[in-house]
Amino acid sequence: MPNFDAGSYFLTTLAPVQSGSTTDAEGATVSWEERLRTVLAQLPTAMQSPATVETGQNSPFARNRRTHLCRFVVIDNVIDNGRPQRPALLNSIFGRDPIYPLPVDRLGSAYLLFTAEIDALTEEGGPLPATLTEAEQNAVRAAYAETLRATMEPEVRRICGCCVGFDTVTDGAGFARYLARAQVETTMPFHDYWIDPPNLPQLPVIAMGAAVVVPLLLTLGSLLGFVLGWTPWLWLILGILGTAGAVAWAYRLAMRRGEAPLPPPAFGDLPTVLKSLYLQQQFIGFAGAHQSDDAAALHAAFGAFLGEHKPDDTSAPTQAPGHVSSAMPGAVVGGGQS
Amino acid sequence: MTETLDLDDIQGNIVRAYGRYNYPVARYFFLQFTDLSKARPFVGAVRRKVTTAARWTAERPETTLNIGFTFFGLWALGLPTRLLQELPDAFFAGIRARAYALGDRDPAAVAVGQEGWDKHWDTLWQENRVDDSKTAGNVHVWISINAQVEPGTDTPVEKIEEETEWLIDLCERELEGGVRIMTGHGSHADIPFQAATALFETLPDGTRRATPKEHFGYTDGISDPVFAGQYPPEIERERVIGRGKWMDPETGWQPLATGEFLLGHVDESQALPPTAPPPEFMRNGSFMVYRKLHQNVDAFRNAMDVEAERYAAATGVDAEAARATVAAKVVGRWKDGVPLAKAPDYAAWRALAAEKGFDDPETAREAYQRYFRTAEASDFRYGDDMDGARCPLGAHLRRANTRDQLDPDNQPGAKNPEATSRLNKRRRILRRGLPYGPSDPDAGSDDGEQGIIFMAICADIFRQFEFIQQQWMEYGLDFHTGNTPCPLIGRGAEGKIHVIQADPEGAAPPFIMREMKTFVETRGGDYFFLPSMTALRLIEMGVVDPT
């Protein structure tokens, strides 16, 4: 279930880009792919550099507090690695004259790849789940689709409108179905919000080894018996079947353990991550300013710090999504209200 | 096997930091080919004077001379396109284009509307590479002349004048002005060279002696790297301790691979560093970074005074100890060069000084010489100090040469006696250059003309110098210090702090320094290629053939 791991949902979709020509915002005739690339190039990135701050426009994905990271990629075609190499000697023996080209793999159209890591929740905030059934995972995806529709529908229409099949999408449920159709399994999710190493499932290596080695020894012993002049057919068959069964069992066990989702980190949901970023920056200033205080003054100041910054309240004051620093204009939500 | 290099083919400044070989005065000339037909004859005339890396036996030259070229210098020399287009992109782009990455431009300001961001640079460097043509204000050639001094004085030998006059005569008369010696060095607008000199001190008998100090008063360049073939084996054995790469307790310190500093030789990835064709053009050559680094002496002193007062209040130590401690915890060494790794606090430093005889004015000079001649001041590692209780994690010394602290098996706060120089051995630079400005320790101010002519020699400017400058000096993630820059030479910005980590066994909290301004800033510079003697001959003869 790699779409779900460590309390996060990893959404990957591949949607075919429309073929043929269309018009861009200025009315010039362009390909659908070029129109899509232009729309994406004009999509604001997050407040992560002076240049993006100066534009005053944040990424539309910063309008929700569920997206940790997301990315669009236009896949033009598959990379061709060149003609498969075969030894010249075999070519001449089997008559494969290099004058005749071999088929080249091509995609039927360009594709839009969208990949996002989101909190595996249907509501914003809250503890991340350790396990989710497939239906529950689908509900997470549908809720995310509804969030995107509600917060950035114009951008979604401009982007996805360049892709095949989006013209029938009229509401959040339709967009959820569209994402489901375009979804491919995420095979390598990455998540690293653990403060301490997670408690990973361990394989019973000794038991697995013993389960394989015992029937294997039986098999080898039976073969030795044939050499010594006995005919232990029954033992040999039992040994072979036992070895094959044990290998299959060990393999399935290892794969099942590997597929089991990692546990969610204690503070890995986006609102908590944002709050911790906010607190960390505030606390550095506090520690520097009060390092020479006596115990009573420090106690009083820290009380005021807790009152102002409310460490347990992830809603406010906190760092707004889409900002790399609390010092940026507009980066603090609910600051100075206490 | 011992590496044997063709020392007669290698320029001498690659293997020797002349300042440490008793050449404490230097003149750095920057030249431009205005008549391209005079460029090759110029190289021909100069190459016969170039000081090579050949071992000095009985006789030493009174002065040394070395030469390097910018990308546009090589272009003006008419070298083939095939060669030029395979030169590294950092070398092609030059320091000005890399200003954001190097911390020379304010990263909080966008480029648009920032014309004049370099107005504090020397006019020579303000006009360099503004227009990417062969001439305009572009610097093409760097020539350095280092000189010995008359014994007991800070006056360079007369030969430095003779060499200067020879160069001026060559450019103006012999080559009919086809090569221009450029001016615009700081406040000395008309002097045709950048002057540099070690800081001198006056001994009790009135004689003057060069010191290894820079303008903040600290000893510089103690742990300069050692590479295979640089020294004869008997000298290498001692020099390599603390300056090479740490392998394991059995193998100990080993010299770095020659190819980290000399092109055409195998480097620490056990491959040849990339070069442009033909191979003989770049073999035995190297790249050099030239940066004129201004030191804001007042700002540094004032910040340390304020922090010392706070530190004394927070920790209860006396004023003198506090002043010495906060600055040492910024630099990574005490004022006299003793590393914090060897003496982590004021009491330990004073005890070591008493033990070594540094305190007694009668014996101090010899005692210091003895101490720094051995490996004592460079033989240390950080694997046993991963919590920064001895040398703070963000101190300048830990950033400039990370030694074994980036071993992938290291964990913050946990000692690792098995740590090695992995991830460090590919990020070393040979430090060359001298301070510039008056020797008087009280004369410095923020506006004065004082600082360091920083020159770094390495096989790959991007991988070595630029990485150290960008990732370790201007950023702190590798040291678990977030985005804090180097407290000593990093850019000062809102929120720049430096944390003096506390002993985790003790009760004292860490101390946060908050007065960290910009103490060191660039006045300009560029990237140069230092050709071998073979390459200089090929250039002069016009037979550089990349096919």
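Which residues is B:His498 in contact with, leaving aside its neighbours within four places in sequence?

Author: This is a predicted model, in which local features need pLDDT of at least 70 and side-chain atom pairs count only at pLDDT 80 or more, while totals for chains, interfaces and linings use all residues. Residues are numbered from 1 along each chain as its sequence is written, chains are lettered from A and ligands numbered from 1 in the order in which they are written, and side-chain values use heavy atoms, with hydrogens and water left out.

Leaving aside neighbours within four places in sequence, B:His498 is in contact with B:Lys329, B:Val330, B:Pro392, B:Gly394, B:Ala395, B:Pro487, B:Phe511, B:Ile512, B:Met513 and B:Met516; contact means heavy atoms within 4.5 Å. B:His498 lies in strand S14 (residues 498-500) of chain B. Strands (E, at least two residues) and helices (H or I, at least four) are DSSP runs, numbered from the N terminus. With a relative accessible area of 3%, B:His498 is buried, a word that stands for under 20% relative accessible area with a 1.4 Å probe, protein chains only. At 2.8 Å from its side chain is the backbone oxygen of B:Lys329.

Two of these partners lead further. B:Val330, a contact of B:His498, is also one of the H12(B) residues that meet H11(B). Helix H11 (residues 297-315) of chain B packs against helix H12 (residues 319-331) of chain B at an angle of about 115°, and their axes are 8 Å apart. Axes are lines fitted to C-alpha atoms, for helices over the stretch in contact, and angles run from 0 to 180 degrees between N-to-C directions. On the H11(B) side the contact includes B:Arg301, B:Met304 and B:Tyr311, and on the H12(B) side B:Ala322 and B:Val326 are among the residues. The residues of this contact divide into eight nonpolar, one polar and four charged; Ala, Val, Leu, Ile, Met, Phe, Trp, Tyr, Cys and Pro count as nonpolar, Asp, Glu, Lys and Arg as charged, and the others, Gly among them, as polar.

Eleven residues of chain B are in contact with nine residues of chain A. The area buried between the two chains is about 750 Å², of which carbon and sulfur atoms give 61%; buried area is the accessible area (1.4 Å probe) that two parts lose on being put together, summed over both. In chain B, B:Ile512, B:Val110 and B:Arg514 lose the most area to chain A, together 57% of what that side buries.

Conventions
Buried < 20%, exposed > 50% of the residue type's maximum accessible area, 1.4 Å probe, protein only. Polar contact = N/O pair within 3.5 Å; in protein donor to acceptor, adjacent residues only side chain to side chain.
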